[in-house]
Amino acid sequence: MSVSDAEYQTWLKDDNQERAVLVEAKYYDSSEKTRYMSTHSFISLPTDTPANTVYDDFIVSVPSIQSQVGMAFGVGDIDLVNDGELDAWLNDAWDGRGLTMLIGDPTWARDDFRQIASLVTEAFEVVNNDKMRLRVRDKREKLNINTQNIYYTSGEAFGKPIPITVGQVFNITPVLINASTHQYQVHDGEINAITQVRDNGVSVSFTASLSSGKFVLSSQPSGVITCDVQGAKDSGVYLTKIGDIVQYLSKRQALVAADIDTASISSFNTTVPYTVGLYIASRQNLISVIDKLMKSVGAYWLFNRAGKMVLWQLNNLTNNPSAYFDADDVLDNTFKFISSNLPYARAAIGYQKNFSKQTNIAGSVNEANRNLYQGDNLISTADNSSIVTAHPLAVKPEPLDTFIAGLANANTESARVLALNNAVRFVYEATFSTGPFEIKLGDEISVFYPRFGFENGKNVIVVGLDEQPSSNKIKVRFTL
């Protein structure tokens, strides 16, 4: 690579530079193949990867790339000029195939281009006699599947998905798979432990098969069977943290190791080291499952520009900005106030989720346990009652339903949420004259502007981006 990162950043910021966008789109025609296209005529060098490859200048419109905290990448369609040469492409299978976008100078080698998006093609279609269109989606579309795709083919559970248990779960209802032997299952593979089995709330004896995620009762049950489980082990390692669980669920059938930023997973596990637990015994969309896990600890996930899954938690400022923008960088009349949120007087976190709320409980069960088995979860709270002096309308949101297993972790999270919301939070938006693809969601940046208290500069967190590859302008949404 002869163009250094510093030279690339300088090139991005220069509005006088000509910018070429390359697209490498996979399709299927008896086997998976790749088509190469560009906004400019381009041929890769013999030393490039791929080598000596023609990128036909079919692209007539370059889509913007939008991203926002809590949402997938939004990418406009890629329109291609067609004089009839592309008609035969309609016979190929495009849906669900990978598509990569790169940006660089038309005079550069292919290997000096930088990847700006890794996407999935939804369809290839006709716009009119002169134009074809590639409809593309965010790469998370690969996870738009059922979390479990293995079903029972016989027995009492015929047709049901085999359950999945990850982390530490409380009071789940296992799946009965053999009534004659009183056999139940909680996971489709090795688990760490089954710590208790209950019949209508009363502890009963059982024999566990940890290697298969099953157990057998010692006698005929009289009521509803529930249990507490320490779930999946992956390569012999008991999974308890959200980062590891998200990676495990994603790799079961959707992603491979190259699709995941393992450094991000490791960093997230350090930032959010909580023990959590999740039980899935019905059809559930994998994207929805991951969303619930992440949102329960104020965290987010996406596929970055390199096409790798990354996780991060929205936290307070560190006063270590990665980029600086002043008033000269702001386009006229684009700096605008978007919204504000009242501070919290209390943060409440639900923990030890009860996966099986029960109404019929044996009379011998004590009052404390009866409440546990009947309730939704336990609650941890953190209070800042003094804030009502300045903000009489400071809010006390309903407890957030989470998958956190224990009180200590829940206390840590409720304190973190309260600290994150101990003042009015403002959201602003501005369009900066600078190179696109320099900053990413979750970055801390410094903004100087002669309004709204930014006169001496303020550090903010990036929560939204709208980037146009053909321009050196980016729209940024940020909060402080």
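Which strand is joined to strand β14 by three bridges? In this predicted model, the partner is β18: residues 183-185 of β14 and residues 214-217 of β18 run antiparallel and are joined by three bridges. Within this pairing, Q185 has K214 of β18 as its bridge partner.

The two strands belong to an open sheet of four strands, ordered β13-β14-β18-β17, with antiparallel pairing. The edge positions are taken by β13 (175-178) and β17 (206-209); each has a single partner strand, so one side of each is left without a neighbour in the sheet. Ignoring direction, neighbouring strands of this sheet are turned against each other by 30° on average. In general, the strands of a sheet pair through backbone hydrogen bonds, in either a parallel or an antiparallel manner.

The protein chain as a whole contains six helices and 31 strands. Along the principal axes, its C-alpha atoms fill a box of roughly 80 × 65 × 40 Å. The chain has 480 residues, of which 48% count as buried. Contacts between residues at least 6 apart in sequence were also examined; 67% of them join residues at least 24 apart.

The chain carries 41 positive and 53 negative charges, and the mean positions of the two sets lie 8 Å apart.

Note on methods: Residues numbered from 1 in each chain as written. Predicted model: local features only at pLDDT ≥ 70, side-chain atom pairs only at ≥ 80, totals over all residues. Heavy atoms only, no water. Buried < 20%, exposed > 50% of the residue type's maximum accessible area, 1.4 Å probe, protein only. Contact = heavy atoms within 4.5 Å. Lys, Arg positive; Asp, Glu negative; His and termini not counted. Charge placed at Lys NZ, Arg CZ, Asp CG, Glu CD. Pairing = 2+ DSSP bridges. Axes fitted to C-alpha atoms, helices over the stretch in contact; angles between N-to-C directions.
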